[in-house]
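Trainee: Could you show me, with a worked case, how to read salt bridges and packed helices in a model?

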Amino acid sequence: MNDSSSGPANVAQDSANVAVQAEAIHGPVNVYQVAAARSAEEIFQAGLNCLRAGMAPEAREHLREAVVVRNYVNGRSCFYLLLALLSGRTLQQLPPNEIDMLRCVRGTVKDDDAWADAIKLVDHLLTSRPQESRAVGLEQEFEKLTDEQRNDLLQHMEMFLDSSAEDALWARAFEAAKDDRYALNRLGRAWKFFQPEPIGARVRPADPVLVGPGAWTAATATTALALMTVGFVGATAWQHNKTVALSALLTLAAGCYASVRSGVEWRWKKERRQAKDREYLHRSAVTTRGDGFASKIDRQFSHYVALYTPDDADPALWLSETAGVRRALRDEVVTLYRESTVNAKRVAWLTRYLVADVARRWQAGKLWDYRKELRVSVLLRARCVFTAIAAIVAGGFLVWSAAHVRPLLVSLAAIVALASVWSMARLWLRIAAEYRRHSADKREKERLLAGRRAAFDRWKRKLDDRPDDLEMARWLECDRKVLMAQAMDLYRLKRQDVLAHAFIEAPATPFYDRARIENGPWRYSKYKILLFLLTKDGVRQLTQHLDFRKATTRSRARTNYRYDAFTSVQVAETDNGENVFELTLTNGDPIKVKVTDPPTDVTETEDTDPQNASQLTLGTAGLGNALHVLEGVAAEGKEWIAFERQREKAPQAEVSRAVNAMFA
């Protein structure tokens, strides 16, 4: 670092790579677009929104159509058309054909219009000279404006507050920025902008009943055969002893029914417990690698597992005992949401809920409750065995009684009856257990879905007050002004000492979230902001990292260099679509800053143009003015400032005449 102006010193490691942690696109949102059957007022409002969001080119297009083409002319529309033409650029950058737009509204503003004072103040700022005597007059004019007019004027006339007469306005702007950067509960809401629209709750459907036609045919056939043979034996026994035959038949029927019913309960509990044990207790927790959807879900689970580790718990024990459950849940999430249009971040709410639920149940000792619920009790086993024995004994008495009448036929029928009853019982046992399993699965899925829907609704309600893009733009504008104030204090400069200035806003390394509304620029959770202050002694560059969600800054880097230290300035697009700002100096490494990310199709919707999003982001990053200033200095040195002011005289006079002509 070098605080003198004798030579350059580059202390910022600006060529580091950037990793995008997450992204989201909110839409459709009718903020910067208008309906097909649009009115002039709707077009004007879209232009005003674009202007306040820092998208001056788009604002100029909308406002030109509303005011010039659709004749939506009043004091307010004329004021914002004027601001849009001047926003983010110098008079030298203002094309003559755009100045002509102001002449199209000649004689339309009355002196008693509520916006007349604001328009006149713009003209006074354009034509003001560095005289202390003008400070009082400008301050008085400024006091006449409404809060809306003051805020918009200070934001978009920043390039023209460059004389001592405007020091008071700058001081006011700095104070307002310090207050407004935390307005509207920024610390509690800004993070929500980077959360994508969550996708709804899902569960795997219950497995269908796995009973084929063959099982039904076999069960029906064996049942018919069993009824025939048992009926024959019973009828024969009736001939020998009616009382014994009736008692045996009733006991046999009751014993078979009770035994099969208990057997169904026994079997489905045993099989269901074994299935859950296979799912939860014997699964590897090895994660996948790469950048696909499954690997992102893996990272989500790893993050929330670490976050929700129960207090006072042994982390190793927690990870070991829940590995199978977590893996099963992870596989379910991947299976349910693995679609080309689903960003993994959209299901983070579900991952968080699942892991938190596992932690809660594990800490309460309820994670394995299913093993208790599905345990086959001794009473159930005994009931099944004893009723089966009773049926066997009753069948034996029935055969004994029938054998007194027809010994040979009854013996053959008894053998067939025993085999058919055994087969019938096994088949119906499997069929009934499968239906019981399906019914239990449906109830469990309904319970799981209800819990997940409740978690989804809670998350949606939490995001209800997500800030819109205009609020994000306003907060970022306040951050820029606060940084400007800090730089002025740091370098002990007055506003009149700064001949020109420029900002560049870029995503900060190494990790950041990004999000945008449809047809809007990318907003980042972490910014690297470069501020260039052109003074009579040289260029003062201040680089600072901004955590947008917390409105905090860190890693301040100061760099100073002479005007003749510039070699070249450019913004180059790399092979992967990144836009990189590069400032080359005669001494030291080039200063490189990645201003936009490469286009990505991860979360882009069909009507989203990634390239357009990149261009919008470039426009709001301050690159246009920064390149104009720095390229001019690189080409002409310190003399560029004087030359620029000389070159601006003609367009300044043209704009002033056009503004004055607005008044009837």
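Mentor: What follows takes up salt bridges and then a pair of helices.
This is a predicted model, in which local features need pLDDT of at least 70, side-chain atom pairs count only at pLDDT 80 or more, and totals for chains, interfaces and linings use all residues. Residues are numbered from 1 along each chain as its sequence is written, and side-chain values use heavy atoms, with hydrogens and water left out.

Trainee: Which residue forms a salt bridge with Arg 181?

Mentor: Side chains of opposite charge can pair when their charged atoms come close. A salt bridge here is a side-chain nitrogen of Lys or Arg within 4 Å of a carboxyl oxygen of Asp or Glu, and the partner of Arg 181 is Asp 479, at 2.8 Å from N to O. Arg 181 lies in the loop between H8 and helix H9 (186–189) and Asp 479 in helix H18 (residues 469–490), so the pair ties together parts that are 298 residues apart in sequence; helices are DSSP runs (H or I, at least four residues), numbered from the N terminus.

Trainee: Are Arg 181 and Asp 479 buried or exposed?

Mentor: Both are buried, meaning under 20% relative accessible area, whereas exposed means over 50% and partly exposed in between (1.4 Å probe, protein chains only).

Trainee: At what angle do the axes of H20 and H21 cross?

Mentor: Two packed helices are described by the angle between their axes and the distance between the axes. The axes of H20 (residues 623–636) and H21 (residues 639–660) cross at roughly 115° and come within 8 Å, the axes being lines fitted to C-alpha atoms over the stretch in contact (heavy atoms within 4.5 Å), with angles from 0 to 180 degrees between N-to-C directions.

Note on methods. Helices (H or I, at least four residues) and strands (E, at least two) are DSSP runs, numbered from the N terminus.
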